[in-house]
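This report describes a single protein chain for a reader who is new to structural work. Please keep the sequence and the model in view while reading.

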Amino acid sequence: MAGTMPEKAGKAEKRTFDMCKFWQRHIAVKIAYVGWQFHGFPAQDSSDNTVEAHMFGALRKTKLIVDRDSSCYSRCGRTDVGVSAFAQVVALKVRSKLRDHPGLIPPTAQQQSPAPAPAAAQPPAQPSVAPSPSPSPSPPPHSAPAADEVLAPTEGEHDYCAMLNGTLPLGIRALCWAPVGPSFDARRHCLFREYKYFFVREDMYIDRLRAAAALLEGPHDFRNFCKADVVNVESFERTIYSVRVDRVTPPAATVAAAAPALASANPATASASASASLDDDTYYDLYCITIRGSAFLWHQVRCMVAVLFLVGRGLEQPSTVSSLLDVQATPCKPAYEPASELPLVLYDCSLNNLHFTAEAEGLVKVRNAFLKEWNRATLQAGVMRCFVGALDNTAHMATGQTPLSAAVAAARARERQRHKCLAKRPANRSIDVSRELLSPKKRRRLNAKNELKQLKQQLNGATATPAGATVDKQ
């Protein structure tokens, strides 16, 4: 008997997820990631291995969002290849577990939700990493969330961090989240950003480095301390609130295993005014430069660190910093390479009045994962430090004449003799000349940006501003 066989039971069609059936809310999430495992933070057409690509993949897989365009997404900072972050903050609209609470977006209201404003054009991520260019010279210190916005409670809500961490790669972890209002913007509402840059002292003059670092504090034009983005950045003025140079206590086990003499040394007696030699207990000390500012230009932190290192090694005078900050005397940036991106960390993004929440169990898991990586890296560093110490002793015994420290010092002296001062190096084009020589594609982008700015100015002029009201100029 001919006939068609019925389809097997259980092979029902896969249901399409419909976000319009769910309540939603606006949240901010604090993200940590290991920069050298990914091709930068921002999404790129040329790579799927970026932090944002993995993050949005996890958000879609957990059905917290539909897509990026409808998520009202904003980010506090932007890091490129190699730069890590402990406190990157992103804001977006996600699916909620709660119902019928003020501050939530009901399913029927989602069709009327305003579309998110298009993100400002950003340059593609570069192989060398630096803090993101910001269109505004200094984002104003807004309070967030706004006082008139009602926020939904956190009790009984999804454990957003656990949901994301179950899908994200191990190098990216969601630490905590906070409820925010629909007007919250992670970049505009950031009070300050803080970066940390780690380095080994070697023969660095720490006192000279600190003296030069102090000159960077305050409002300045940092065009000579960045990679100039002449299309997206109009003003190169930024405010640096503080620059600190601190010694980081080295792991005791690493020091003891590498060189027993170092374990008995008293760090408090180490002199920072002189350059350390291989025989000095402080030669292999780990230091950290902590820079806090309102906002940062492209590669600004790495360029500042590069100049500070030249001063710290005695190759430049601290006054070089003042000369580069004087754009009248030095209108064009001299040619020099930025410092390496690997030791750079976006350590803090300060957002006022946000109340982050996290599950203790989830944080313990994140801590243990990072601790495991730290243990592995510390053991590797200990082995390499042992090799260096053994090589020092072996070279000394083999030659029987001068210790290896003398040879290293002689090499440093030759480096100083070959060094060409920044003031005598070839200079890059000025900002004005760079804008005149833009490619046709970039010229169109710049013209479109200027036209949009003029249109906004006309619209603002047509709208009366109440007396005494403040205008937020971004």
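**Overview of the chain**

The model is predicted. The chain has 474 residues, and 42% of them count as buried. Its secondary structure consists of 11 helices and nine strands. The accessible surface comes to about 25,400 Å², and carbon and sulfur atoms account for 56% of that area. Among contacts between residues at least 6 apart in sequence, 84% join residues at least 24 apart.

**The strands and their pairing**

Strand 3, which covers residues 84-95, has several partners. It is joined to strand 1 by nine bridges, and the two run antiparallel. In this pairing Q24 stands opposite R95 of strand 3. Strand 2 also pairs with strand 3 in the antiparallel sense, over two bridges, and here R75 stands opposite V90. With strand 9, by contrast, strand 3 pairs in the parallel sense, again over two bridges; the bridge partner of A85 in strand 9 is L346. Strand 3 is largely enclosed by the rest of the structure, because 11 of its 12 residues are buried.

Strand 1 (residues 24-33) has a further partner in strand 4, with which it pairs in the antiparallel sense over seven bridges. Strand 4 spans residues 172-179 and is mostly covered, with eight of its eight residues buried.

Strand 5 (residues 190-200) is mostly covered as well, since eight of its 11 residues are buried. Strand 5 pairs with strand 8 (residues 286-293) in the antiparallel sense over eight bridges, and R193 has G293 of strand 8 as its bridge partner. Seven bridges join strand 5 to strand 9 (residues 344-351), and these two strands also run antiparallel. Here F192 has S350 of strand 9 as its bridge partner. As a general point for reading such strands, side chains in a regular strand alternate between the two faces of the sheet.

**A buried helix**

Is helix 6 enclosed by the rest of the structure or open to the outside? Helix 6 is largely enclosed, because 13 of its 13 residues are buried. This helix, residues 300-312, reaches 18 Å from its first C-alpha to its last, close to the 18 Å expected at 1.5 Å a residue. After helix 6 comes G314, whose phi is positive, near 80°.

**Salt bridges**

Side chains of opposite charge can pair when their charged atoms come close. The structure holds 14 salt bridges.

| Salt bridge | Distance, N to O |
|---|---|
| R68 and E52 | 2.9 Å |
| E202 and R412 | 3.4 Å |
| E373 and R376 | 2.8 Å |

The side chains of R68 and E52 meet in a salt bridge. The pair links distant parts of the chain, 16 residues apart: R68 lies in the loop between helix 1 and strand 2, and E52 lies in helix 1. R68 is partly exposed, with a relative accessible area of 30%, whereas E52 is buried at 1%.

The side chains of E202 and R412 also meet in a salt bridge. E202 is partly exposed, with a relative accessible area of 28%.

E373 and R376 are separated by about one helical turn, because they are three residues apart in helix 8. E373 is partly exposed, with a relative accessible area of 38%, and R376 is partly exposed at 44%. Elsewhere, salt bridges that share partners join E202, D203, R412 and E415 into one network.

Which residues make the nonpolar surface patch of about 300 Å²? The patch is made by V383, M384 and F387. M384 is found in helix 8, which covers residues 360-399. M384 is partly exposed rather than buried, because its relative accessible area is 48%.

Conventions. Residues are numbered from 1 along each chain as its sequence is written. This is a predicted model: local features need pLDDT of at least 70, side-chain atom pairs count only at pLDDT 80 or more; totals for chains, interfaces and linings use all residues. Side-chain values use heavy atoms; hydrogens and water are left out. Patches are made of residues with over 30% relative accessible area and no salt bridge: like charges are joined within 9 Å, nonpolar side chains (Val, Leu, Ile, Met, Phe, Trp, Tyr) within 5 Å. Accessible areas come from the Shrake-Rupley method with a 1.4 Å probe; for residues, only the protein chains shown count as cover. A salt bridge is a side-chain nitrogen of Lys or Arg within 4 Å of a carboxyl oxygen of Asp or Glu. Helices (H or I, at least four residues) and strands (E, at least two) are DSSP runs, numbered from the N terminus. Buried means under 20% relative accessible area, exposed over 50%, partly exposed in between (1.4 Å probe, protein chains only). Contact means heavy atoms within 4.5 Å. Two strands pair if DSSP finds at least two bridges between them. The expected span of a helix is 1.5 Å times one less than its number of residues.
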